[in-house]
Amino acid sequence: MKALLACSLLLCLPLAMLAQQKRKVFPYDYAMDDLPNGLRLITVPTDYPNLVALYIVVAAGSRNEVEPGKSGYAHLFEHMMFRGSKNFTPEERDAILKRAGASSNAYTTDDRTVYHEVFSKDDLEKIMELEADRFLRLQYSPEVYKTETGAVLGEYNKNSSNPIFKLYETLRATAFRRHTYAHTTMGFLEDIKDMPNQYDYSIQFYKRYYRPEYTTIILVGDVTHDRALELTRRYFGDWQRGDYRPEIPSEPPQDRPRTAHVDWPAQTLPLVAIAFRGPAYADDRKDKAALDLLAPIAFGENSDLYQKLVLREQKADLLEVEFDNKIDPELFTVYARVKNPQDVEYVRDEILKTFARFTRELVDQKRLDATRSHLRYGFALAMDSSEAIASALAPFVALRRTPETINRLYALYDQITPEDIRETAARYFTEKNRTIVTLAARPDATRKEGGR
Amino acid sequence: MRRNFTALVLLCALFGPAMVFGQTKMKDGQIATVLLPNRSPLVTFRILFNTGAAFDPPGKEGLASLTAAMIAKGGTRTRSYEEIVEAMYPLATSFEWQVDKEMTVFYGTTHLDNLERYYALIREMLLDPGFREEDFKRLKADAINFLKINLRQSNDEELGKEHLYNVIYADHPYGHHNMGRVSALEKLSLDDVRDFYRRNYTQANLVIGLAGGYPPAFVSKMASDFAKLPLGERTTVRFATPKLEPGTHIEIIRRPTRSTAISIGFPIAVKRGDPDWPALALVASYFGQHRSSNSYLYQRIRELRGLNYGDYAYIEYFPRGMFQFTPDPNLARQQQIFQIWIRPVEPQNAHFTLRLALYEFDKLLRDGLTRESFEATREFLTKYVDVLTQTQDAQLGYALDSRYYRIPDFATYVREQLKRLTLEDVNRAIRKHLRNDSLRIVIVTEDADALRAAIVGNRPSPITYTSPKPREILEEDKAIEKYPINVKPEHVRVVPVERVFE
């Protein structure tokens, strides 16, 4: 049951031998334990003193919102988890976290919901008890539920003043028609407005997904493996396994290119998003890894396109590529903000030409090697505290439930050739796989704003 | 290089941060340093100049920021910016800049493997900047678009928070956004940038901050490289606490938006290192700890009433708070404000929420903290200081700020001061420094005229909820919906958004 991993053995070896071991991008000694109920614990002791980072990863996010009219519940649920449990009122919970000097919060994405705290090591047991109570015995009244839906609407409102949020929302709804990636993690606005009426559904969401088999506990910092395991067994051992498996609708192949346009009511610079349907996360197949490497080569700050559009011609002031690791096939998206509305088509066409270019041309081997170095050092540089290590692990743990997937992914990067990249680009960057969304200020935006 | 990299990462796992932290003020010629040597395989630079937006010449607001951007995001005399990006790419690092009123800092972290390569680049960027026309054109446009689009049109909360500073510091060297004013930026020239660099990037203004596993000789090498800068003279400007016209003033920024953002503040004559700073830090944490449900205001506005996403209070400048949980270091200032940040509410609830925030603030001034709240907040801050300083970069940043404020290491300072603090100190500090008779309030909303009329007329603002509320809340609401906001009509102005930061 206890899988103490190879990495720990390395620590016993003389240093001279270390270099001969296969390189691991996640270098920390860790232990992985599975409880009989399906809960998994990953412990990473570090030498950063005093603090412990606790990340509880639930492998359910807005992807799991399969019923029509019920988008946004994974995120709403993240809010409800702070509203009291059987043995701790929200006030008692806050008081305990306050005494622990804790920084405590949570976030939700398409594929996961992550509850995270960093706090003084002396308070570990109390916080494990507190956390277990809400995961095993959450309790909230319909009144408290309705109040919290107001906070969620407030969150939507604060995001909605940003045109990039609207562009993203429209892109998802245009590129996906059946899969739940069609809505953002916030959910559709009409569903958010209906949330106050859906107390029972919120309870059902909890019963489905807040189960040990969906959950992994990550403990990083000034903590021993024995202590972490003992506390996890003590407080989470009674958690009952569930049996719900959602049927996530798969997105049918796209048969023609799609476009959409957003009229923005205020002044803004025009935005363009160009997306192609890409692959899902994989640490055992080359397609995702090949496109991961291509993303910075084709569209990163160091790319020919960025240097042309942003630095030399200065037609765009923002050019970014996004291609997240997702459970299901995800979009490979390039965003640009264009300085002059007259240049929107030019910028769009330059981006399209770049996509097309890499379906034909091989990437330069030196550039590819530099990109591997870039990704590897980037990952290492990000892990500069116990909290940062836990935070870096969480997305991968949601996908494959083990830190080893990181090492497998980076080993895969080492195997990718320029031919792999060209072949993968040609397979995914096809016209019928494409969605383009633009956003621009409505013609009356200026007048409306300045006129009164 | 790869072999070396693996060994070093594993060394980190083995020996990790058995860090020996100390703050050393080393004189090497004129150059001050703050050093945190340890055995980490990462090396962090924070190269700080004691200059910033408060030193923008009148009519040239934005020059300090544009100069810093030209250094960190522009080419050198011998390399174009494209070449710098290319050189940094395999190192997976960058060189960033931040300009505040009195501090300009350049920072970045590199793996020890790449220390020499990285340092060679940033040395050239800082000491031999190219000030090229094409970079100037791009970075000036970026600065203007930041103010015109990112702030005015994309983020109501930051717009309101930043405008609040401009209102409080009108006619003061702090009185413009760190990025400048749109109309002034449009007129800046490359010669202005060269001139600002020559006058302000001096040895006297420089503090080299360095942390990590750098070799011992590295510091003296850096000091001798930076001796190339002109000597200059130490800045001795004293910035006064602004004297506000008595009475509360409200500015309502009008822009098309779904919701209403509110910021409230006033200047305080207390900065880190002053005798009452620990007491006020404790008050701000109790009343509105940043992004935490552990605070009074958040409980009353969000948790009990569900009116918005969060409600916080501050005694130090904390920009970009919607994107981060802990503040960036190196925003040290002689002058600070007390600030309340009410996150966006539904427009129909704006008047009520403003009253609620003022009602709670008045209660804080009247009643102070209880012993229980005091003890709990003290314990929180005593431990939370470890969270604030958990990365090497944060430790270095705080160490530089401690040098500025003339206090010991930040964690030690906070713990020792809190240990001595009493409830009486805290409640006395509230009475002495916090006030409710001359507030400055900034609101961002679409129907500004209607909100203005409601505020000026002191019209009742009844609230309805989607869920039943406890009787004591409904009783309290009855008082709040008529709670007077003491403001003269001529002190409530509507400002079109395009005039902000202009």
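I began with chain B, where six strands form an open sheet of mixed pairing in the order β8-β9-β7-β10-β6-β11. I took strands (E, at least two residues) and helices (H or I, at least four) as DSSP runs, numbered from the N terminus; two strands pair if DSSP finds at least two bridges between them. The model is predicted: local features need pLDDT of at least 70, side-chain atom pairs count only at pLDDT 80 or more, and totals for chains, interfaces and linings use all residues. Residues are numbered from 1 along each chain as its sequence is written, while chains are lettered from A and ligands numbered from 1 in the order in which they are written.

I looked up the edges next: β8 (311–314) and β11 (492–496) of chain B each pair on one side only. Strand β8(B) runs antiparallel to β9 (residues 336–345) of chain B, joined by four bridges. In this region I found B:A313 opposite B:I340 of β9(B).

I then noted the division of chain B into domain 1 (7–226) and domain 2 (249–499), with bounds from an automatic or database domain assignment. Their C-alpha centres lie 30 Å apart. The contact between them (C-beta atoms, placed from the backbone, within 7 Å) takes 32 residues from domain 1 and 38 residues from domain 2. On the domain 1 side, α6(B) gives the largest share, ten residues.

Last, I checked the two chains: 70 residues of chain A are in contact with 71 residues of chain B. Helix α6 (residues 142–160) of chain A gives the most to the chain A side, with 13 residues.
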